[in-house]
Amino acid sequence: MEIKYISKEGLNEWFSQIVKSGKRVYAPVRERGQVEFKRVQALSEVAEDYIQTTQSIKSSVFPRAEVLFSFEKENGKVAVEDFNPDAVKETVLWKVHPCDAAGFKPLTAIFNWDYKDKLYNTHLEKTTLVTFSCAKADNSCFCTSVNGGPGNTAGSDVQLTMMPEGGAIVEILTPKGEALIQLAVSAFEKDKGEDKSKYLVDVPKVFDVEEIKARLATAFDSPVWKEQSERCLGCGACAFVCPTCACFDIQEDAHGSKGKRIRCWDACGFSLFTLHTSGHNPRAVQSQRWRQRILHKFSYMPDRLSVLGCTGCGRCSRACPVDMNILEHLISIAKK
Amino acid sequence: MDKLRERAAALLADGTVALVIGYEEGTNKPRPLFCHTAEDAGKLIYDSRCINNLAVYLTKKELMGTEKVAITATIPVLRSILQLSVENQLNEEKILVITVTEQGELKEFAGFAEIESYIADFQLKLSGKEQEIIEKLEGMTREERFEFWMKELSHCFKCYACRAACPLCYCTKCIVEENRPQWINPWAAPLANIEWHINRAMHMAGRCIGCGACGDACPLGIPIQLLTRKMMEDLGPEFGFVPGQPSKNGNALSTWKADDKENFIR
Ligand code: SF4
Ligand code: SF4
Ligand code: SF4
Ligand code: SF4
């Protein structure tokens, strides 16, 4: 890893070179009272002074709806047009938080578990992540309790830590990051030897994830699931804003003799998610679906994929209409 | 608040009800609370920050069980209860409805009829911000309005939180999940989104009680409550109902009467 410094002007220069290079640049933008990742052309469009975007960057590698293949039947013959990796554009995600970058690890594990997903891996290969370490947090954030942190570089290609005068400490972490720096080498200066940690927000560690894992191993029949989930509405808001939730559904959009097979988001919190054709539903009530959400992230994924399914971004807690606060629930599980 | 807690605790202690649904202080905002014991009742709160529509839980079998349940109801919750009752979704015997009046008095309703006369005094009001958007929309041409909604709805990622939070979206199988035939494309995309929202609005026509829970639940800030709200105002005069009062004439789209002025069906 290499460390450099970039001034405010340098940052502008670098950003405009990235845009000029033809890569698509997505960054947080304030619009309609929300801050969300949008395609941008200039640094001035990028939002400032917010804790977090409502949605994660998940959709850049796992779109809300994506065509797996399309088909057409003519004179008894079927022509199939497969997903074309060459059509996927190079993308830079700018001003991503470390908890979102960390979310790509569990997603990658899921999409390469027993089968290497061509779509997901293509998007990932063509994506460069420029993260900004966090100088601000709120009471929904708990990255430090799930092995992350406000200056965590896991998953980042480049990480910037902003300094009061508008410049930044630049950590170049991967070859992809290096290639991005190469677009405006002269904009970067020598490392000033500043300590990055001084500019990071303090997110206290509030539970021990190993302890949670150990408790969950025997908690399948615990009354805790019913207690915690009574007010849960079973909407998909928590899953849809989550950087690591990857439930999907496969649908067909067919008209006459042609059509498309589409993969779209789904959520294990929906009552129909596990409904069988027979009418039987193995997760018939919301408490079982809530249990699935927690166990999947903190027990099944660590066991099977050696990765946690939660990065402590706190989005689910902020988005939940009935204030199901995952941090509060995890703390109560740790204490049981 | 003390009176509410005391009463709820007493109802639970003497077994009059098995559950009291109310509000408690949450981590980010007040939230629904389920009290099973007199002790739980100590957490109850009731103030203007309590905006979740608790009536949404009254149609959930897994939560309600078979015993009597008490609910601390705000005005929108009272309206929802009446509409649910018109739609035969509630058993009056099994629900004890409690409210706190503007004077801070505890009020227990003897039955749904009493709720009806109570809420007749309350006008359905839009918030200043909602009124502003409505006025803006009314000043637009048809095309501009369509453009506005296409843009707003293009953000929708189909989490269905709006549906889940609505007390009147209680169907166990929703049209968006029907797949034989598939009426509505289930994925999130501009056309598929507008299909979903037009359908939601249509299904709420004449039933929406204007609580705004759908809009409050939307994580993406889509003012989705205005679609159903406007529908309610537009249909009111035609179908003979008053916004904010239960619609005894049923769903505007599924009722038919011999004296309907349209004659295409005869
Ligand atoms: S936890 Fe909240 S956001 Fe998630 S399904 Fe339940 S009500 Fe919806
Ligand atoms: S479960 Fe919640 S806190 Fe954890 S990564 Fe997902 S949205 Fe963030
Ligand atoms: S305002 Fe929204 S949540 Fe309330 S009844 Fe109408 S559609 Fe349902
Ligand atoms: S809550 Fe918002 S994002 Fe979710 S389905 Fe409804 S309108 Fe769409």
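Visitor: Is B:D234 buried or partly exposed?

Guide: The model is predicted, so local features need pLDDT of at least 70 and side-chain atom pairs count only at pLDDT 80 or more, while totals for chains, interfaces and linings use all residues. Residues are numbered from 1 along each chain as its sequence is written, chains are lettered from A and ligands numbered from 1 in the order in which they are written, and side-chain values use heavy atoms, with hydrogens and water left out. Buried means under 20% relative accessible area, exposed over 50%, and partly exposed in between (1.4 Å probe, protein chains only). B:D234 has a relative accessible area of 47%, and is therefore partly exposed.

Visitor: With which residue does B:D234 form a salt bridge?

Guide: A salt bridge is a side-chain nitrogen of Lys or Arg within 4 Å of a carboxyl oxygen of Asp or Glu. The partner of B:D234 is B:K230, with the closest N and O atoms 3.4 Å apart. Helices (H or I, at least four residues) and strands (E, at least two) are DSSP runs, numbered from the N terminus. Both residues lie in helix α10 (residues 225-239) of chain B, 4 residues apart, about one turn of the helix. B:K230 is partly exposed as well, at 23% relative accessibility.

Visitor: Which parts of chain A does the salt bridge between A:D100 and A:R315 link?

Guide: The side chains of A:D100 and A:R315 meet at 2.7 Å, N to O. This pair links distant parts of the chain, with A:D100 in helix α2 (residues 98-111) of chain A and A:R315 in helix α9 of chain A, 215 residues apart. A:D100 is buried at 2% relative accessibility, and A:R315 is buried with a relative accessible area of 2%.

Visitor: How many residues does each chain bring to the contact between chain B and chain A?

Guide: Contact means heavy atoms within 4.5 Å. Chain B gives 39 residues and chain A gives 40 residues. The size of an interface is often given as the accessible area lost when the parts come together. Buried area is that accessible area (1.4 Å probe), summed over both parts. Between chain B and chain A it is about 3100 Å², with 53% given by carbon and sulfur atoms.

Visitor: How many salt bridges does the rule find across this interface?

Guide: There are 3 salt bridges across the interface of chain B and chain A. One of them joins the side chains of B:R31 and A:D323 (3.0 Å, N to O). On the side of chain B that touches chain A, the elements that give two or more residues are β2 (31-35), α2 (61-64), α6 (142-154) and α7 (161-165) of chain B.

Visitor: Which residues are closest to ligand 4?

Guide: A residue is near a molecule or strand if one of its heavy atoms lies within 4 Å of it. Ligand 4 is surrounded by 13 residues, and the closest are B:C156, B:C159, B:Y160, B:C162 and B:C218. Two or more residues of this shell come from each of α7 and α8 (190-204) of chain B. Ala, Val, Leu, Ile, Met, Phe, Trp, Tyr, Cys and Pro count as nonpolar, Asp, Glu, Lys and Arg as charged, and the others, Gly among them, as polar. The shell around ligand 4 has 11 nonpolar, 1 polar and 1 charged residues.

Key. Buried area is the accessible area (1.4 Å probe) that two parts lose on being put together, summed over both.
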